[in-house]
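Let's walk through this one together, one question at a time.

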Amino acid sequence: MLVMKQLTKVYRTHMIETHALRGLDIHVREGEFVAVTGPSGSGKTTFLNIAGLLETFTAGSFHLDGVDVAGLDDSARSRLRNRKLGFIFQGFNLIPDLNLFDNVDVPLRYRAFGARERRERIEHALGQVGLASRMKHYPSELSGGQQQRVAIARALAGSPRLLLADEPTGNLDSQMARGVMELLEEINGRGTTIVMVTHDPELAARAQRNVHIIDGQVSDLSAEPVPRPLGAAVNA
Amino acid sequence: MLAYYVKLGVKSLRRNPVLTGLMVLILAVGVAASMATLTVLYVMGSDPIPHRSGQLFVPIMDNSSMTGFVEGDDPPEQMSYRDAVALKQDAPATRQTALYGLAGVVEGGRSDIAAAMSDGVAVHADFFAMFDVPFREGAAWSADDDARSARVAVLSHRLADRLFGDQDALGRSIRIGGTEFVVSGVIQDWRPLPKFYRLVGGSRLAHEDFFLPLETAVALEMDPQGSVDCNTDTGLEPGFAGLTRSDCVWIQMWAELPTASDRQAYTDFMAGYVEAQKALGRFPRPINNRLHPLREWLEVQQVVSNDSRLQTWLAFGFLLVCLVNTIGLMLAKFTARAGEIGVRRALGAPRLELFKQYITEAAVVGLAGAALGLLATLGCLWLIGRQSPQLEAAARMDWVMLVATVVLAVGASILAGLLPTWRACQVTPAVQLKSQ
Amino acid sequence: MEIRPILSTLLRNKTGAILITTQIALTLAIIANALYVVNDRLAVAQRPSGAVEEEVFRIQVLNYERPDDIAHAQRHDVQLLRAIPGVKAATWTNQVPMGQSGWGLTLTVDPTLGGSGVNGSPYFNPDSLVQALGLELVQGRDFLESEVVEIDPATAQLRADKVILSRRYAEQLFPDQPEVVGRTVHLGAGADAAPLQVVGVVDRLVSPFAQASDAAYNTFLLPVRYLTEHSQYLVRVEAGQRDRIMAEAEAALLDARSGRLVLQNQTLDELRGNRYRNQRAVAGLLTAVTIGLLLVTASGIVGMASLWVTQRRKQIGTRRALGARKADILRYFITENLMIGTVGVLAGAALAIGLNLLLVRTIELPTLPAVYLFGGMAALLVLGVLAVLGPAWRAAAVPPAVATRSV
């Protein structure tokens with residue numbers, strides 16, 4: 001599903017060069033539930049952004065569901081992102097001025113669905129997360145956990161091949177977090193590949209497989225910590 | 001606290017010069033357009049002679065022929081010589097004057113200057129008292145002079161200075177159109193705007209240089225300068241004599257009637273006069289007399305033109321749009337500062353203080369707008385003045401207008417700032433601190 | 001087209017949208033009326049006079065020492081003017097087109113029919129005015145020298161035997177009769193009305209007053225030499241030599257006798273400028289107001305849209321992350337702008353009509369034609385889209401990574 005080989009990302013500002021990812025290798029198979037862990041500043045978010053086609057990379061190769069994304073322009077990347085991926089953000093990122101129905105509707109509008117199909121998909125997705133009865137409500141009227149569930153519905157409505165989750169429980173209390181994780185497991189059980197970035201080892205443990213990123217590279221959890229090269233810069 | 005807020009306001013404006021510049025510019029232009037048109041309207045529409053205007057009236061009678069008669073037509077703006085003389089002799093009024101425009105080459109005093117045409121007006125002696133004309137030397141001629149067509153003249157200070165320099169003009173001899181006159185008086189700089197006493201024919205702006213007794217001008221057959229309108233069925237005899245005997249209208253008339261009963265008496269006299277003339281075969285049209293008070297006469301004569309009114313309406317519409325725009329810009333500005341507001345509130349600032357702070361900022365914008373607005377107003381006045389010499393003279397800035405411009409700019413700015421400021425004060429500290 | 005969600009968003013952020021709508025509405029109301037007035041005034045100021053204006057000037061003298069033989073003095077003056085090299089034609093005249101000072105008389109076809117006369121403005125010309133102004137004769141001929149009548153206003157009434165009418169005046173006097181040469185009109189009314197025979201018709205000649213209505217073209221020519229101390233001469237010259245000839249003419253006329261003043265010496269273009277000074281200035285002022293309003297409204301739209309882009313940065317990033325392309329973001333903002341604009345121009349159209357009704361009642365403005373309303377609506381919608389392009393472009397440039405990177 002997701003194959004990255006020797007993926008490198010370098011940020012250049014006026015005077016500083018930041019190596020966020022250095023030759024990252026990762027292979028996620030279809031149907032897996034992978035947790036990506038690592039300390040703050042290790043490059044997790046950069047990895048996620050590249051995996052989600054939100055950013056470009058400097059070197060290496062990246063195939064998403066068989067498609068080589070290297071040469072794609074912004075328009076093509078957007079289309080690929082729209083059809084194949086689903087996103088769940090730490091801050092939910094719901095649009096506050098739209099009700100739940102319209103929020104889930106957003107990604108569907110950028111595809112060629114007719115009005116009836118969109119309606120069916122939205123109702124089904126909200127039903128899956130248990131919020132179908134509150135379709136006309138606004139995000140401000142929901143709790144954090146409910147908002148994240150709506151975000152999940154939004155991610156699912158387009159029948160994505162891969163679900164990318166960035167600290168999905170970061171802003172939730174432990175009870176709500178548990179609810180979200182159960183939902184994710186349920187979704188994975190029905191066949192959707194999930195890659196979840198988290199810094200919480202408890203959450204990571206619930207995934208099938210863990211990938212640990214330190215200093216822009218993958219390392220096994222069991223292996224020795226990789227010595228930091230001199231002069232390494234920070235920030236993901 | 002106010003000084004602190006002013007300082008904060010100025011600092012905030014400097015932080016975002018583009019936005020500030022835009023706000024100030026738009027406010028200034030809106031204020032300028034409104035003030036300029038309003039000034040012109042005010043000057044043109046103002047009472048030129050406030051302490052007397054209530055007592056001065058223009059009588060009008062309709063002696064036109066039936067040719068082209070339409071029910072409800074307006075009467076002519078002037079009257080014929082014979083009717084003016086009849087009113088002057090017999091109508092009951094404290095004072096009256098007829099008048100018509102003159103022009104001629106005036107010679108006298110210095111002989112080294114080139115001859116030039118001057119504008120004048122033929123009037124009765126009452127003219128000077130009725131309109132409170134101020135004299136620099138001498139006085140007007142007497143009613144006697146009127147009666148015996150004396151060869152006397154009153155000069156404007158401009159003409160007197162030109163002919164006689166520093167010397168006294170009183171008693172000196174001048175020649176107008178070849179005839180000798182004795183100067184009986186020189187008036188001071190008297191330039192009522194508009195030139196209300198002679199609105200028909202001639203320039204409403206240029207003020208006359210010499211005044212002659214009306215009967216003298218008639219005796220010398222001095223041609224009228226201005227509008228001569230002959231809507232008459234009876235044949236027109238040739239020459240000046242024919243003109244004075246005809247029903248052509250070329251004389252303007254004023255009457256001074258202090259009380260209401262005076263006015264009634266005059267109105268009755270006019271009605272009786274017209275009836276008598278009808279019996280003699282004149283005045284074929286239905287009786288159509290008017291007695292216009294001075295302010296009304298100015299309106300009838302459209303001294304404040306419809307164009308001036310239109311421009312004033314549109315200018316204030318423009319100001320309104322500028323105001324709404326300023327509200328939007330201020331809203332944008334204050335919304336972007338929501339974070340700062342939240343912090344101030346969290347640190348204990350009560351809503352009222354925040355209100356004062358942001359209204360002060362709006363007022364600072366207003367002051368900047370006023371400064372630029374004064375310049376812009378001068379520009380607008382120039383634009384308006386291009387329409388005619390009359391408007392050019394009216395479109396001037398004086399102290400009152402200066403203050404009014406500043407007040408309007410600051411007031412408008414504060415008004416525009418009310419909504420954005422109120423919104424800014426509604427910000428709850430917690431929400432602002434949590435996000436971002 | 002995601003109209004409903006956009007509408008939903010706008011309704012929850014009413015203030016900004018209302019401010020823009022108000023500006024658009026007020027602007028449309030004002031500029032629709034203002035532009036109408038501008039066009040109306042400019043149309044009046046551009047009406048042709050019927051003369052070849054760039055080749056003609058008028059010079060006015062006053063003989064304040066009255067000559068013994070005025071007719072001779074007039075003839076002599078015209079001879080002097082014609083002698084100047086470059087002069088094509090010259091004539092004495094009582095009034096000039098757009099000169100703002102002149103005569104009005106009434107001609108009648110049937111003088112016994114009371115009230116049937118039509119007013120017109122007479123041009124007295126002992127020499128050919130047709131040549132001096134370059135008028136176009138469409139029927140008949142110019143006057144002959146033998147037809148000129150000398151009138152001393154001190155002793156005689158105005159009369160003549162022949163007349164040339166302007167086309168419009170002929171149509172007013174003889175409705176539905178294409179050929180009027182040879183017909184008779186009368187000067188004055190009643191039994192003493194003097195008959196005049198029509199010898200020619202000129203296409204167009206505007207009166208000195210050049211009033212705004214079409215009555216300004218009710219003019220006629222009389223072959224009269226009028227003996228007054230004032231004299232005006234119209235002179236037609238070769239193109240490009242007018243300035244020199246005007247100076248020479250002034251010198252020549254002043255030299256011709258003593259006791260003379262040159263009162264005026266101007267080109268017909270200057271006379272036009274003076275006559276229509278007011279119209280042009282009003283048009284200029286209203287155009288300035290219109291441009292100002294459009295700029296202010298455009299800046300308001302730019303400002304509000306920029307604010308919204310800034311406020312919705314996170315949202316835009318999220319949309320991009322969810323698959324929106326740059327074009328989709330652009331389309332979103334333009335659609336939003338068009339929706340606001342549509343409400344604005346609809347409200348503005350109502351306001352424009354209302355304002356027009358008010359102006360019709362208070363200052364006698366004519367009723368606004370629909371084309372100005374629709375033109376204004378279209379213009380403002382286009383202006384709105386152009387104004388929002390800048391901020392919309394910035395919005396489209398928000399990178400999708402904003403969705404994950406900012407907290």
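**Reading the chains and their contacts**

This is a predicted model, and we can start with how chain A folds back on itself: among its contacts between residues at least 6 apart in sequence, 72% join residues at least 24 apart.

Q: Which radius of gyration does chain A have, and how does this value sit beside that of a compact globule?
A: Start from the length of chain A, which is 236 residues. The C-alpha trace spans about 55 × 40 × 35 Å along its principal axes.

Q: How many helices and strands make up the secondary structure of chain A?
A: Chain A holds both kinds of element. Buried residues account for 46% of its 236 residues. The secondary structure comes to seven helices and ten strands.

Q: Which pair of chains has the most contacts?
A: Two pairs of chains touch. Chains A and B are not one of them, as no contact joins the two and their closest C-alpha atoms lie 10 Å apart. Between chains A and C, the contact takes 26 residues from chain A and 24 residues from chain C, while 43 residues of chain B are in contact with 51 residues of chain C. The pair with the most contacts is chains B and C.

Q: Which helix of chain B gives the largest share of the side that touches chain C?
A: Helix 2 (17–45), helix 11 (306–336) and helix 13 (351–385) of chain B each supply at least two residues of this side. By class, the side has 26 nonpolar, 13 polar and four charged residues. The largest share, 21 residues, comes from helix 11 of chain B.

Q: Which helix of chain C gives the largest share of the side that touches chain A?
A: Four helices of chain C give two or more residues here: helix 1 (3–12), helix 9 (313–321), helix 10 (326–363) and helix 12 (402–405). This side has eight nonpolar, seven polar and nine charged residues. The largest share, six residues, comes from helix 9 of chain C.

Q: How many residues does the largest nonpolar core have?
A: Those with the most contacts inside this core come from chains A, B and C, including A:Ala153, B:Phe318 and C:Leu28. Helix 2 (residues 14–45) of chain C gives the largest share, 16 residues. A second, separate core has 57 residues, among them C:Leu62 and C:Tyr217. The largest core has 239 residues.

Q: Which residues beyond its sequence neighbours is A:Ala153 in contact with?
A: Here we leave aside neighbours within four places in sequence. A:Ala153 is one of the residues with the most contacts inside the largest nonpolar core. Its contacts are A:Val104, A:Ala125, A:Leu126, A:Gln128, A:Val129 and A:Leu131.

Q: Why do the buried residues of helix 6 of chain C lie on the same side, and which residues are they?
A: Helix 6 (residues 242–256) of chain C reaches 21 Å from its first C-alpha to its last, close to the 21 Å expected. The face turned away from them carries the exposed residues C:Asp243, C:Ala247 and C:Asp255. The buried residues are C:Arg242, C:Ile245, C:Ala249 and C:Leu253.

Notes:
Residues are numbered from 1 along each chain as its sequence is written. Chains are lettered from A and ligands numbered from 1 in the order in which they are written. This is a predicted model: local features need pLDDT of at least 70, side-chain atom pairs count only at pLDDT 80 or more; totals for chains, interfaces and linings use all residues. The radius of gyration is taken over C-alpha atoms; the globule rule is 2.2 Å times the number of residues to the power 0.38. A residue is buried if 20 or more other C-beta atoms lie within 10 Å of its own, exposed if 12 or fewer, and partly exposed in between; C-beta atoms are placed from the backbone. Two residues are in contact if their C-beta atoms, placed from the backbone, lie within 7 Å. Ala, Val, Leu, Ile, Met, Phe, Trp, Tyr, Cys and Pro count as nonpolar, Asp, Glu, Lys and Arg as charged, and the others, Gly among them, as polar. A nonpolar core is a set of buried Ala, Val, Leu, Ile, Met, Phe, Trp, Tyr and Cys residues joined through C-beta atoms within 7 Å. The expected span of a helix is 1.5 Å times one less than its number of residues.
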